[in-house]
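Subject: Structure handover

Hello,

I am passing on the structure you will be working with. Please look through it first; my notes on what was found follow below.

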Amino acid sequence: MSKLILAIDQGTTSTRAIAFETAPEGGLRPVAVSQIELAQHFPHPGWVEHDAGEIWNATLQTCREVIRKAGGVGRFAAVGITNQRETSVMWDAATGEPLHRAIVWQDRRTAEATGALAAAGHEPEVQAATGLILDPYFSASKYAWLLDAVPGARARAEGGEVKLGTIECWLIWKLTGGASHVTDATNAGRTSLMDLTTRRWRPDLAALFGVPIAALPEIRGCADLLGTCEASALGAALPIHGAAGDQQAALVGHGALKAGEAKITYGTGAFLVANVGAAPVASTSRLLGTLGYDAGEVAYALEGSIFSAGSAIQWLRDGLGVLEESRRSEAMAQGLKDNGGVYLVPGFTGLGAPWWAPDVRGAVVGLTRDSGPAHFVRAALESLAYQTRDLLDALEADGAPPLEVLKVDGGVTANAWAMQFVADVCGVTVERPAFQEMTALGAAKLAALGVGLIGDLEDHPVEAPARWTPRMDAGERERLLKGWRAAVKAAIVAVP
């Protein structure tokens, strides 16, 4: 009986665990899954928090359930972890208890702090070292806020009594009973504190943001041994042998391992990651330079981040009540002959690349008396395509060749109408794999590589992907894009 990999996929809206086995035709295939939804906390406008203790408990519960379903812990060779990136946790080194709710990647509370650093002229040095711009999205300003918000935390962190980390770091600490305070290089690269070339912490950047290096984890490769689980956690001392941030894990899951290949994940947000090869590329179009993976060989990437994708549909369902179920969005959009001139700019937590406008809020433009619930739904789905096109244009402006195929995954890709609209607006073939959990698959691949179950990260799809090819007239495409750009401009101008 083949050995299994336990993949932990800790996301923004849920925690899941999946058991993977090696397939006879090569690659990995899922054999058991468990998932628990995650509560969101919004204490102030623009603030988003998670309970790190809840995340830990859900991780234990889902992992134990998957181990049971798969036939027991003796079948497992290693654990891999992928996670919502940038989300920041601070905990007591002695007790292992969080000292504050985790600050989620979407959170904008540190916009004033990062804005002040930018105004003081620090963005070029930060971007040159890390590939990242100055924005509250990244972890460093969140760490600094946590240290200042909890009395005594800063002094204790400088003495090693308080630890800082992103979600995979927190989970590794808990799984190993505090024996391992480590992070992988892809997650470290999203803090604004890691040098993208050397993949080491930068003391000058830590000083700039006010984050003690003593509180930060050790940086390791994505397929390195990151620690060993306590037997009390999962039932055996399983090695943790792979980790990557969710978007980088999806890049690996898709098998986009060559320069010029790219994927976009449509989840709560949407994230385009384009492999650029063995050396970092500096963006002139406000894309992010980032690490693709570090697993024997190193690949760098350019990334564009859309802050609100699936969350716009969730808002229509839960906030406005115009949808009973998210899956109804496809039929509602198809029921209209066109968008009626209505555009939704989903700036609920600001706009990401290439705009990087943290103070922008959501806007609906073009309403008439004929506008109804279906127009809101269609506008939300269309906004995914328009924002994707903005990212592809920025990628091309940075010198990347036009994509022939855009690999997609995430919950929104179940909406065939939306995927056809992405193909039409972007003028590119859209390809969705039959198995959708690319982040978990990527984490499993890294762990399997690290423990020697597979020899490389190459993709071995079991089933043919679904494909959508462009069929929109070029003139219609440009007309729609003109309306979108006008809507974004109106949303930016409306900022007080």
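Setting aside residues within four places in sequence, Ser192 has contacts with Thr130, Leu132, Phe138, Ala140, Leu205 and Phe209. The loop that holds Ser192 runs between helix H7 (185-188) and helix H8 (203-209). Ser192 has a relative accessibility of 3%, so it counts as buried, the cut-off being under 20%. Please keep in mind that this is a predicted model.

Arg199 is also in the loop between H7 and H8. Its phi is positive, near 60°, in a residue other than glycine.

Leu287, with a relative accessible area of 0%, is buried.

What does Leu287 touch, once residues up to four places away in sequence are left out? The list is Gln127, Gly131, Glu303, Gly304, Ala353, Leu391, Ala394, Leu395 and Asp398. Along the chain, Leu287 and Trp355 are 68 residues apart, and 9.5 Å separates their C-alpha atoms.

Helix H13 covers residues 373-397, 25 residues in total. From its first C-alpha to its last, H13 reaches 37 Å, close to the 36 Å expected at 1.5 Å a residue. Of its 25 residues, 20 are buried, so H13 is largely enclosed by the rest of the structure. Gly399 follows H13 and has a positive phi, near 100°.

Helix H15 covers residues 438-451. H15 is largely enclosed by the rest of the structure, because 12 of its 14 residues are buried. The buried residues in H15 include Met438, Thr439, Ala440, Leu441, Gly442 and Ala443. Further along H15, Ala444, Lys445, Leu446, Ala447, Ala448 and Leu449 are buried as well. Just after H15 comes Gly452, with a positive phi of about 90°.

Now for the chain as a whole.

The protein chain contains 16 helices and 21 strands. Its C-alpha atoms fill a box of roughly 60 × 55 × 45 Å along the principal axes. A compact globule of 496 residues would have a radius of gyration near 23 Å, and the chain has 22 Å, so it agrees with that expectation.

How much of the chain is buried? Buried residues account for 60% of the 496 residues. Of the contacts between residues at least 6 apart in sequence, 71% join residues at least 24 apart.

The chain exposes about 18,000 Å², and 52% of that comes from carbon and sulfur atoms. As for charge, there are 42 positive and 55 negative charges, and their mean positions are 3 Å apart.

Regards

Conventions: Residues numbered from 1 in each chain as written. Predicted model: local features only at pLDDT ≥ 70, side-chain atom pairs only at ≥ 80, totals over all residues. Heavy atoms only, no water. Helix = DSSP H or I, 4+ residues; strand = E, 2+ residues; numbered from the N terminus. Rg over C-alpha atoms; globule rule 2.2 N^0.38 Å. Buried < 20%, exposed > 50% of the residue type's maximum accessible area, 1.4 Å probe, protein only. Contact = heavy atoms within 4.5 Å. Areas by Shrake-Rupley, 256 points an atom, 1.4 Å probe, with all protein chains shown as cover. Lys, Arg positive; Asp, Glu negative; His and termini not counted. Charge placed at Lys NZ, Arg CZ, Asp CG, Glu CD. Expected span 1.5 Å × (residues − 1).
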